Amino acid sequence: MTGFGTAEGDVGGRRARVEIRTVNHRWFNLSARLPSDLAVLEADLRDALRRQFERGHVNVQVHWADDESRKAVDLARAEQVVTALRDLQRRFGLAGDVTVELVARQADVFGVRAGGTEPVAWAALAPVVATAATECRTARQREGAVLMRDLVERITTMRAAADRIEARAPARLLRERDRLAANVQMLASDRTVDDARMAQEIAIAADRLDISEELVRLRGHLDAATTALGGELAIGKQLGFLAQEMGREINTIGSKANDAEIAGDVVAMKGELEKVREQLENIE
């Protein structure tokens with residue numbers, strides 16, 4: 001899910017700003033940019049955010065918010081620049097003035113005063129990171145609520161299709177029984193048909209076409225998905241597994257269907273399941 005959160009706070013006597021952006025990703029993938037004096041905290045940052053975000057590409061930028069107020073002129077460097085430029089003029093007879101703008105544009109004339117010599121501990125930065133992560137998670141939860149409503153609607157649609165298939169299944173078996181009996185009678189012509197053998201063949205055919213077990217398992221997976229959507233924990237991986245199992249049952253029902261209306265509902269369920277899988281890439 002996408003999300004964005006920011007926070008500022010005092011860290012080691014300075015003002016730090018933390019920005020966290022997240023986008024969809026199958027796994028947890030952190031990209032962090034920290035000032036050089038905070039680079040040693042990247043491992044702690046990773047561990048902290050790993051506990052906050054189950055999956056997604058997490059982009060974190062930490063920078064000092066007080067850099068502007070700490071800018072200063074390096075007078076020694078400025079003097080070197082002025083001396084070098086005037087030497088250049090004299091040596092090559094160049095016209096023009098050595099202006100403030102020209103000097104200021106040279107590298108390292110303006111810089112940021114260094115902070116304290118004491119290294120910054122993770123405990124100082126952690127509250128700012130936690131605040132930004134909470135804001136980002138809130139944004140992700142808003143998006144998650146929308147996705148949840150969409151998933152619930154699709155699961156409801158699949159459940160309705162399963163109901164229609166279940167209602168039609170007995171009539172399909174009776175039709176197959178009558179069709180098989182008629183074919184045998186036609187092929188047997190004037191020969192006597194063994195009723196016991198006929199009943200056995202019909203039973204075998206009925207067992208081959210029976211989809212009651214698949215429907216029971218499919219309903220179980222749909223119920224489990226509905227329960228998971230009502231929980232508070234990360235459900236992306238769980239729903240991914242359930243979607244895989246749903247697809248298995250739907251495919252088996254389709255292969256046994258031998259009925260145009262059931263086949264239509266199977267195709268519709270496959271379409272809904274594919275959309276569910278696409279949405280699962282977006283949730284945690």
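Start by selecting helices α4 and α5: α4 passes α5 in a right-handed crossing, meaning that the near helix is turned clockwise from the far one by less than a right angle. Helices here are DSSP runs of H or I with at least four residues, numbered from the N terminus. The model is predicted, so local features need pLDDT of at least 70 and side-chain atom pairs pLDDT 80 or more, while totals for chains, interfaces and linings use all residues. Residues are numbered from 1 along each chain as its sequence is written, and side-chain values use heavy atoms, without hydrogens and water.

Helix α4 covers residues 122-188 and α5 residues 195-209; their axes come within 10 Å and cross at roughly 140°. Axes are lines fitted to C-alpha atoms, over the stretch in contact, with angles from 0 to 180 degrees between N-to-C directions.

Next, select the contact residues (heavy atoms within 4.5 Å). On α4 they include Arg-172, Leu-173 and Glu-176, and on α5 Met-198, Glu-201 and Ile-202.

Now move to the largest pocket. A pocket is an open set of points on a 1 Å grid where a 1.4 Å probe fits, with protein on both sides within 12 Å along at least five of seven lines; lining residues have an atom within 4 Å of a point. Of its 17 lining residues, select Met-1, Gln-141, Met-148, Glu-232 and Leu-233, which lie nearest the centre. Then select α4 again: this helix gives the most to the lining, with seven residues.

How values were computed: Helix = DSSP H or I, 4+ residues; strand = E, 2+ residues; numbered from the N terminus.
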